[in-house]
Amino acid sequence: MATCKDFHRRSIEQPDAFWGEQAKLIDWHQPFGKVLDYSRPPFARWFVGGETNLCYNAVDRHLKDRADQNALIFVSTETAQDRTYTFRELHAEVNRCAAVLRELGLGKGDRILIYMPMIPEAVFAMLACVRLGAIHSVVFGGFAAHSLASRIDDAKPKLMFTADAGMRGGKALLYKGIVDEAIGLSQHPPQHVVIVDRGIDTDLRRVDGRDLDYAQLREKHMSAQVPVQWLEASEPSYILYTSGTTGKPKGVQRDTGGYAVALAASMQHIYCGKPGETMFTTSDIGWVVGHSYIVYGPLIHGMASVMYEGLPVRPDPGIWWKIVADHKVTVMFSSPTAIRVLKKQDPAYLTKYGPSTLRHLFLAGEPLDEPTARWISEALGVQVIDHYWQTETGWALLSAMPGVEATPLKYGSPSFPAYGYNVKLLDEGSGKEIGANEKGVVAVVPPLPPGCMTTVWQQDERFVNTYFTSFGDQLIYTTFDWGIRDEDGYYFILGRTDDVINIAGHRLGTREIEEAVSDHPNIAEVAVVGIHDEIKGQVPMAFAIVKDASRVADAAGRRAMEKEVFDVVNKALGAVGRPARVHFVTQLPKTRSGKVLRRSIQAIAEGRDPGDLTTLDDAAGIEQIQAAVAAAS
Ligand code: ATP
Ligand code: MG
């Protein structure tokens, strides 16, 4: 068995041989002529001339060996509705959906915008699109009309696929109403809106000629067999907009063959899933994690995938672990944010529904602080693997690879560069490589490996200018994240390049300070931002959630708690990293994908306008920051 080091080295030094081998993990209609065409840097074309199809690989090819095994397991604690589809049943539904789309004139290259709650029809629609060679763009359900309209105008879909409503915490969210509003704001209204009517919105209104009912359309195509549209490997499969944590979302374009190979390889080398087993990814189909590991990854690999509509704490905080036990989940993927929510609950829930069948729990999306990593790992008794990636990369850039070699884990570290990624840590100013234990920008020498974004949708120039021009003349991809590599080669992500605080010339990542604050046993969660200071340039300001709220119930308690946090940070980082103030809140403003909106917190703390809040999950988070800042001034 190869070591991770050898495996990685081979992927960089002999990419043709390495990826040529990985390409055997998927089915090709037409073999590729060349593994990589890199004649137009930084644009990489993988598996040139090869023809394949994502839907075929995720569904059709399994009919031979596992038609009657589970493919999609839908669990909804919102509607108390569970539905399971075998690969045979999934195949039938996808064909029906594809027939509907075809009847409405959709075909290769057309865009379809999917704005759906977490219900199986959303997966059918995604798979039906790629079956036809149409390009889907899933927009996270629950984004406001304004955000949806800007994505409609960028993707210019011929058709939108939606539902009457979704449910969250027992409350109905009227998706169709938001679609109507967004179309009203848009410059490029779609010709048709197909609606899955769940019977939640009893006042559902339809626009004549434009709006169509999915159940009625489907009825006409019950035994449809829609041929697969074979695509050249680098033809687009989908567009997905980034989360918008740092600014205006970018339309990440993904290819077909490279993505299929990358996901198939990752299921084996990173996630260690076995065909026939079940994977549970707690994300949403509106995010890249949902695309790659609720839908395409597990299905391509012949695994069943759990699709969960509901909150992690309802009906009780053990619901995820109940799903794991009920469906014998072996691979689970979630986010540090979600684990921190559970950390505020009684840990007895983690084991209430029986011992875990999990081999690994993977986490990504935000820095995983050491206390949280240690807590969940010990409480569950399974390996918890932090891995780091972006919408842009489509799969992990830094990760342990237990399918290659069982390397020891270090809390707080997403381990090593994944195979295919030629990762460098560069000095922000000079662009030169830095040494062990020095802070640098995480960068990747192109070509980016298979599965990564191929361009910004219809904006090649923006792709190059945004991602490849940070280091002067060097054509090198920047992640816009700070990292550090220790003497053993383990990486640590310190935060985003625009999240660095410059305190009298000392540059500290927000994450370092957050980790230090989190060392206090009563801190459940914290966000640190740098705010302008006349003397020092910037000073850190902390907004913290405590576990035991009674301790900060009055001014004296808050002062005492703040003082304790100061002491803890003093010990960990020294006085330079000590926040000027620690404000206590019960909620932080987060994007819908669970990321802390530091740019808005910072703006409010500096008395500025919080900026674009369309990606904000819950207005209460922002209001709390405003109230805390107002109370302090
Ligand atoms: P935008 O690019 O629109 O500002 P975004 O960067 O939040 O939004 P995503 O692509 O969803 O959009 O998030 C990727 C980012 O999430 C990474 O660049 C990194 O900052 C953070 N991240 C992801 N995984 C990890 C991890 N394991 N550890 C630390 N940070 C992580
Ligand atoms: Mg980003």
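Predicted model: local features only at pLDDT ≥ 70, side-chain atom pairs only at ≥ 80, totals over all residues.

Trainee: Which domains is the protein chain divided into?
Mentor: Domain 1 covers 19-396, and domain 2 covers 503-632.

Trainee: How far apart are their C-alpha centres?
Mentor: They lie 34 Å apart. In the contact, domain 1 supplies 23 residues and domain 2 supplies 21.

Trainee: And how much area is buried between domain 1 and domain 2?
Mentor: About 1900 Å². Carbon and sulfur atoms give 51% of that.

Trainee: Switching to charges. How many salt bridges are found across the interface of domain 1 and domain 2?
Mentor: Three.

Trainee: What about R168, which residue does its side chain meet in a salt bridge?
Mentor: D617. The N to O distance is 3.6 Å, and the cut-off for a salt bridge is 4 Å.

Trainee: How many residue pairs are in polar contact across that interface?
Mentor: Three as well, going by pairs with both residues at pLDDT 80 or more.

Trainee: Which elements give two or more residues to the side of domain 1 that touches domain 2?
Mentor: Helices α7 (145-155), α13 (336-343) and α14 (370-380).

Trainee: Which one gives the largest share?
Mentor: α13, with three residues.

Trainee: Last thing. What is the make-up of that side of domain 1 by class?
Mentor: Ten residues are polar, seven are charged and six are nonpolar.

Technical notes:
Residues numbered from 1 in each chain as written. Chains lettered and ligands numbered in written order. Heavy atoms only, no water. Domains from an automatic or database assignment. Contact = heavy atoms within 4.5 Å. Buried area = accessible area lost by both parts, 1.4 Å probe. Polar contact = N/O pair within 3.5 Å; in protein donor to acceptor, adjacent residues only side chain to side chain. Helix = DSSP H or I, 4+ residues; strand = E, 2+ residues; numbered from the N terminus. Nonpolar A, V, L, I, M, F, W, Y, C, P; charged D, E, K, R; others polar.
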